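Biologist: I would like to learn how to read the features of a model like this one, going slowly from the surface to the backbone and then to the overall arrangement. Could we take them one at a time?

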Amino acid sequence: MLNIFLRWFSIVVLKITGWRTHGRLPATPKFVIVGAPHTSNWYLPYGLFIIFVLRGKIYWLGKESLFRRPFKGFFKGLGGI
């Protein structure tokens with residue numbers, strides 16, 4: 001149920017902000033996506049929105065301070081390491 005909500009929410013946010021997705025995720029079981037140069041903190045939310053729209057499963061690296069209370073469970077639930 002949460003995946004359905006996150007996909008719907010992501011579609012709405014991307015549409016409102018003018019973003020569009022094209023294509024699909026690779027058919028390989030594992031792959032790496034790199035976002036660079038890191039000039040903004042918006043890579044994470046927009047990256048997650050796109051993955052949710054494309055129905056992918058993601059694991060991402062974040063700095064330790066992101067995983068402190070009260071957000072630790074939230075970010076780990078979104079695939080954070």
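Biologist: Which residues form a nonpolar patch on the surface?

Modeller: In this predicted model, the nonpolar surface patch is made of L2, F5, W8, F9, V12 and I16, which together have about 640 Å² of accessible area. One of these residues, W8, has its place in helix α1, which covers residues 2-16.

Biologist: Is W8 buried or exposed, and how should I decide?

Modeller: The idea is to compare the relative accessible area with a cut-off, and exposed means over 50%. W8 has 51% relative accessibility, so W8 counts as exposed. For T17, which is found in the loop between α1 and α2, the value is 37%, and T17 therefore counts as partly exposed. Taking the protein as a whole, 20% of its 81 residues count as buried.

Biologist: Turning to the backbone, which residues does a cis peptide bond join?

Modeller: The torsion to look at is omega, and the cis peptide bond is the one joining R69 and P70, where omega is about 5 degrees. P70 is found in the loop between α2, residues 43-53, and α3, residues 72-77.

Biologist: Which residue has a positive phi although it is not a glycine?

Modeller: That residue is R55, with a phi of about 60 degrees. R55 has its place in the loop between α2 and α3, and its relative accessible area of 64% makes R55 exposed.

Biologist: How do α1 and α2 pack, and what should I call that arrangement?

Modeller: One reads the angle between the helix axes together with their separation: α1 and α2 pack at an angle of about 120 degrees, and their axes are 8 Å apart. That angle makes α1 oblique to α2, because 65 to 115 degrees would be roughly perpendicular and over 145 roughly antiparallel. As for handedness, the crossing of α1 and α2 is left-handed.

Biologist: What does the secondary structure of the protein come to, and over what dimensions does the trace span?

Modeller: The protein has three helices and zero strands, so that the order of its elements from the N terminus on can be written α-α-α. Its C-alpha trace spans about 35 × 30 × 25 Å along the principal axes.

Biologist: How far apart are T17 and F74, in sequence and in space?

Modeller: T17 and F74 are separated by 57 residues in sequence, and their C-alpha atoms are 24 Å apart in space.

Methods:
Residues are numbered from 1 along each chain as its sequence is written. This is a predicted model: local features need pLDDT of at least 70, side-chain atom pairs count only at pLDDT 80 or more; totals for chains, interfaces and linings use all residues. Side-chain values use heavy atoms; hydrogens and water are left out. Patches are made of residues with over 30% relative accessible area and no salt bridge: like charges are joined within 9 Å, nonpolar side chains (Val, Leu, Ile, Met, Phe, Trp, Tyr) within 5 Å. Accessible areas come from the Shrake-Rupley method with a 1.4 Å probe; for residues, only the protein chains shown count as cover. A salt bridge is a side-chain nitrogen of Lys or Arg within 4 Å of a carboxyl oxygen of Asp or Glu. Helices (H or I, at least four residues) and strands (E, at least two) are DSSP runs, numbered from the N terminus. Buried means under 20% relative accessible area, exposed over 50%, partly exposed in between (1.4 Å probe, protein chains only). Axes are lines fitted to C-alpha atoms, for helices over the stretch in contact, and angles run from 0 to 180 degrees between N-to-C directions. Angles under 35 degrees count as roughly parallel, over 145 as roughly antiparallel, 65 to 115 as roughly perpendicular and the rest as oblique. A crossing is left-handed if the near helix is turned anticlockwise from the far one by less than a right angle, and right-handed if clockwise.
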